[in-house]
Amino acid sequence: MAKLPRNIYEQQAANRRNTLVVMTLFVLFLGFLGLGFDVFFLGFGSEGFGIPIGTIVALIFGGWSAYWSLESGASTVLTSAGAIPVPDNDPKYQVLRNVVEEMTIASGSPKPSLYVIPDPDPNAFATGKDPDHACIAVTEGLLEKLDREELQGVIAHEMSHVRNYDIRMMTVVAALVGAVMLLSEFGRRSGRLGIARGVGSSKRGKGGAVLFFLWIIALILAPLVSQILAMAVSRQREYLADASGAELTRNPRALASALQKIDSSVEPTRSIKKGTAHLCIADPLGRNINGKEGFFAEVFGTHPPISKRIMLLHAMAYQHA
Amino acid sequence: MELFFGFIILIGIIILWVIAQYNNLVTLRNQVQNGWKQIDVQLKRRHDLIPNLVNTVRGYMEFEQETLEKVIQARNAAVSATGVADAAAKEGVLSGALSKLFALSENYPTLKANENVKQLQEELTSTENKISFARQFFNDIATKFNIAQQVFPGNIIANMFSFHPSELFEVKDAAEREVPSVNLSLKK
């Protein structure tokens, strides 16, 4: 799906557009689920009933869960991964602290809080609601296996997630997926209870029945579709963070070789749970799907194939030279 | 009457536009100044670290007194630099002298094993990086500031309130771009 980029800035622009499209689809999808409920169960659209309660409830519910996840999401994620704050004066983390400071200067953004996860597998993620409250966590394995420049590349990638508001975006998307799942579950239960009013009524006729059928299909597919959308956002964000990370360090090759090292360590990152997978620089679960290309992986992977990311980074390096 | 109101509204729009342009330029100018301060902080840090490093390595590298002397000289020259262009030139010389010192230190295994030297070297490497990233950021924002002053119609406002384009932090002299040459031949 993703074509070869012409340069870093064009790729950033393209990725932003794609993300906007996906967000819009999400909102429309939530609205569609709610509107269907209004039309088919509450009789919205027929005379004497002018307020689309279901639509409003669906949108408010989606917004509320997104808001709630922003307020408490970061600490939950860090705790579940067993992340420990990096001490200020420990010489063991001198390089990490320095590299983060370097990237803070390069991006001109506030300094994030630093955490380290005692896990031998190399991985890293960023979280928080905005650049002023951002947290970056890296595993011990990452510090051990990468050299200084590679670590710089990974930190630049994570800082880009922070700077591009990906951390907020991904938290919100995760919450919206949850909201869609809950609402579709509720919708299906209502359907089973047989409180549908509009369908049987002769007013709507054949067209109404077809629409109702489509809506039920959407309801059943909602959890799947929303996850596919979330995965799409996640993958776009990875490409963008690679590109803007390379813009910060002006050294795409270092990030490429870091990705290579992270990829070649076969162990899954045990400390990082499934719900946090989409935040990480590389899939912590070691699932095969993210390593493959082709339609299935394009649709269901949280991360783009590493080989493809490395190829794109090398293409950028070539342009720099 | 209608013409009069139209005129008033037009004047109002123009005034609002001038205010917006002016504020934009002031914001950018402050960002440029802040960007320069960021470079300055890192340059000072480097100036403070160098005497420390030179004193630590002096005992190990007795055969490289000339190189150490050059580093000290370049450092002292850089401390007394004034203005963006002058600082850029002198810091460039200092960077060259330092990287030559680091390259030579590879010949001294006991020096490289010293924990103190390792930490100092990491601090200096990081400071070097910070300087170049701060410079990168400064040049980006200064370019933005300069463009805002030069494009039409922003240039009218810039002239009216006498904004001046900012200098970029760049190495101008070709000699300073030279990569320090290191002799890798095996003869002693």
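Tutor: The expected span of a helix is 1.5 Å times one less than its number of residues. With that in hand, consider helix α3 of chain A, residues 94-107, in this predicted model. The helix has 14 residues, and from its first C-alpha to its last it reaches 20 Å, close to the 20 Å expected at 1.5 Å a residue.

Next comes burial. A residue is called buried if 20 or more other C-beta atoms lie within 10 Å of its own, exposed if 12 or fewer, and partly exposed in between. In α3(A), the buried residues are A:Leu96, A:Asn98, A:Val99, A:Val100, A:Glu102, A:Met103, A:Ile105, A:Ala106 and A:Ser107. Just after this helix stands A:Gly108, whose phi is positive, at about 65 degrees.

The chain around this helix can now be described. Chain A contains ten helices and four strands, and their order along the sequence is α-α-β-α-β-β-β-α-α-α-α-α-α-α. Of the 321 residues in chain A, 45% are buried. If one takes the contacts in chain A between residues at least 6 apart in sequence, 72% of them join residues at least 24 apart.

Most residues other than glycine have a negative phi, and most peptide bonds are trans. A:Arg250 is not a glycine, yet its phi is positive, at about 50 degrees. This residue is found in the loop between α7 (205-249) and α8 (252-264) of chain A. A:Arg250 counts as partly exposed because it has 16 C-beta neighbours inside 10 Å. In chain B, B:Ser162 likewise has a positive phi, of about 40 degrees, although it is not a glycine. The loop between α6 and α7 (174-177) of chain B holds B:Ser162. With 6 other C-beta atoms within 10 Å, B:Ser162 is exposed. A cis peptide bond, with omega about 0 degrees, joins B:Phe152 and B:Pro153. B:Pro153 belongs to the loop between α5 (115-150) and α6 (154-160) of chain B.

Chain B also has a helix numbered α3, residues 84-105. This α3(B) has 22 residues and reaches 31 Å from its first C-alpha to its last, close to the 32 Å expected at 1.5 Å a residue. Its buried residues are B:Ala88, B:Lys90, B:Glu91, B:Gly92, B:Leu94, B:Gly96, B:Ala97, B:Leu98 and B:Leu101. Helix α3(B) packs with α2(B), residues 65-79, at an angle of about 155 degrees, and the two axes are 9 Å apart. Angles over 145 degrees count as roughly antiparallel, so α2(B) is roughly antiparallel to α3(B). Their crossing is left-handed. Among the residues making this contact are B:Val71, B:Ala74 and B:Ala78 of α2(B), and B:Leu94, B:Ala97 and B:Leu101 of α3(B). By class, the residues of the contact divide into ten nonpolar, one polar and five charged.

Finally, the two chains meet. Ten residues of chain B are in contact with nine residues of chain A. On the side of chain B that touches chain A, the largest share, nine residues, comes from α5(B). That side has three nonpolar, five polar and two charged residues.

Key:
Residues are numbered from 1 along each chain as its sequence is written. Chains are lettered from A and ligands numbered from 1 in the order in which they are written. This is a predicted model: local features need pLDDT of at least 70, side-chain atom pairs count only at pLDDT 80 or more; totals for chains, interfaces and linings use all residues. Helices (H or I, at least four residues) and strands (E, at least two) are DSSP runs, numbered from the N terminus. Two residues are in contact if their C-beta atoms, placed from the backbone, lie within 7 Å. Ala, Val, Leu, Ile, Met, Phe, Trp, Tyr, Cys and Pro count as nonpolar, Asp, Glu, Lys and Arg as charged, and the others, Gly among them, as polar. Axes are lines fitted to C-alpha atoms, for helices over the stretch in contact, and angles run from 0 to 180 degrees between N-to-C directions. Angles under 35 degrees count as roughly parallel, over 145 as roughly antiparallel, 65 to 115 as roughly perpendicular and the rest as oblique. A crossing is left-handed if the near helix is turned anticlockwise from the far one by less than a right angle, and right-handed if clockwise.
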